[in-house]
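Please read the following report alongside the sequence and the coordinates.

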Amino acid sequence: MGTKSIPSGFRQISRHDGIFQEREHDTYKAKGKFPEPTVCPQCGAVFHKGRWQWRQPPASAHEETCPACHRIHDHYPAGFLSLKGPFFLAHRGEIMHLVHNEEKRERTEHPLKRIMAVEEQDGPTPVTTHLACGIGQALHHAYQGDPGVLLQLAENLLRVSWMH
Ligand SMILES: [Zn+2]
């Protein structure tokens, strides 16, 4: 991953511990390998014209799990967003609302970009999502705070920490 794809404001650090790399393979980069139309039986996204979209599936559609649901099933996320700090804890409800709104906005256009899991707990909150960078930036816009540390765990696997 080149520096051109790192959103501005993030400090990037790399790690090569191989923990995630050994599970990295092409299953999740399945662009174009689905017959058209294909509907995902889990979430209802439809593969049409080379990409996943929200639309009415034709009656004759193939059924195959989309890459996002596949990742959720395998517990193989595309990214982690770590939310912490005293400001976050004091405004947790409001901030999580923004996080979910940001997801809603993105997944309207891009069905595969979604939040896969939020650990609902009182302390620092890990969010598993494709949208770690986008949400981190949205939080920084709304509340400032640390723009985030971007840790590249493997190709296509990021962790963003937002602290405030
Ligand atoms: Zn799906």
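The model is a predicted one, in which local features need pLDDT of at least 70 and side-chain atom pairs count only at pLDDT 80 or more, whereas totals for chains, interfaces and linings use all residues. Residues are numbered from 1 along each chain as its sequence is written, and side-chain values use heavy atoms, with hydrogens and water left out.

Strand β8 runs antiparallel to β6, to which it is joined by four bridges, and it also pairs in the antiparallel sense with β7, over three bridges; two strands are taken to pair if DSSP finds at least two bridges between them. Ser82, which lies in strand β6, counts as buried because its relative accessible area is 17%. Not counting residues up to four places away in sequence, Ser82 touches Thr125, Val160, Ser161 and Trp162, where contact means heavy atoms within 4.5 Å.

## Overall composition

The protein chain holds four helices and ten strands, and their order along the sequence is β-β-β-β-β-α-β-α-α-β-β-α-β-β. Of the 164 residues in the protein chain, 40% are buried. Among the contacts with a separation of 6 or more, 61% are between residues 24 or more positions apart.

## Helix α4 and Leu139

Helix α4 (residues 132-143), in which Leu139 lies, has twelve residues and reaches 16 Å from its first C-alpha to its last, close to the 16 Å expected at 1.5 Å a residue; the expected span is defined as 1.5 Å times one less than the number of residues. The buried residues of α4 are Ala132, Cys133, Ile135, Gly136, Ala138, Leu139 and Tyr143. After α4 comes Gln144, whose phi is positive, near 55°.

Leu139 counts as buried because its relative accessibility is 0%. Leaving aside neighbours within four places in sequence, its contacts are Leu83, Ile95, Leu98, Val99, Gln144 and Trp162. Leu139 and Glu102 are 37 residues apart in sequence, yet their C-alpha atoms are 9.4 Å apart in space.

## Nonpolar cores

A nonpolar core is a set of buried Ala, Val, Leu, Ile, Met, Phe, Trp, Tyr and Cys residues joined through side-chain atoms within 4.5 Å. The largest such core has 18 residues, and those with the most contacts inside it are Leu83, Val99 and Leu139. Two or more residues are given to this core by each of β6 (79-84), α3 (92-109), β7 (115-118), α4 and β10 (157-163), with α4 giving the most, five residues.

Not counting residues up to four places away in sequence, Val99 touches Leu83, Ile115, Ile135 and Leu139. Apart from this core lies another, of eight residues, among them Ala45, Phe47, Trp52 and Cys69.

## The open sheet and the zinc site

Four strands form an open sheet in the order β4-β3-β2-β5, with mixed pairing. Its edge strands, each of which pairs on one side only, are β4 (51-53) and β5 (62-63). Strand β2 (residues 38-39) pairs with β5 in the parallel sense over two bridges, and the bridge partner of Thr38 in β5 is His62.

The zinc ion is coordinated at 2.3 Å by the SG atoms of Cys40, Cys43, Cys66 and Cys69, and these donors follow the spacing C-x2-C-x22-C-x2-C along the chain. Donors are N, O and S atoms within 2.8 Å of the metal (3.2 Å for Na, K and Ca), and since water is not among the atoms, sites may look incomplete. The arrangement is tetrahedral because the four donor atoms subtend angles of 106 to 115° around the zinc ion; four donors count as tetrahedral if all angles lie between 85 and 135 degrees. Cys66 and Cys69 are both buried.

How values were computed:
Buried < 20%, exposed > 50% of the residue type's maximum accessible area, 1.4 Å probe, protein only. Tetrahedral: all angles 85-135°; square planar, octahedral: opposite > 155°, others 65-115°.
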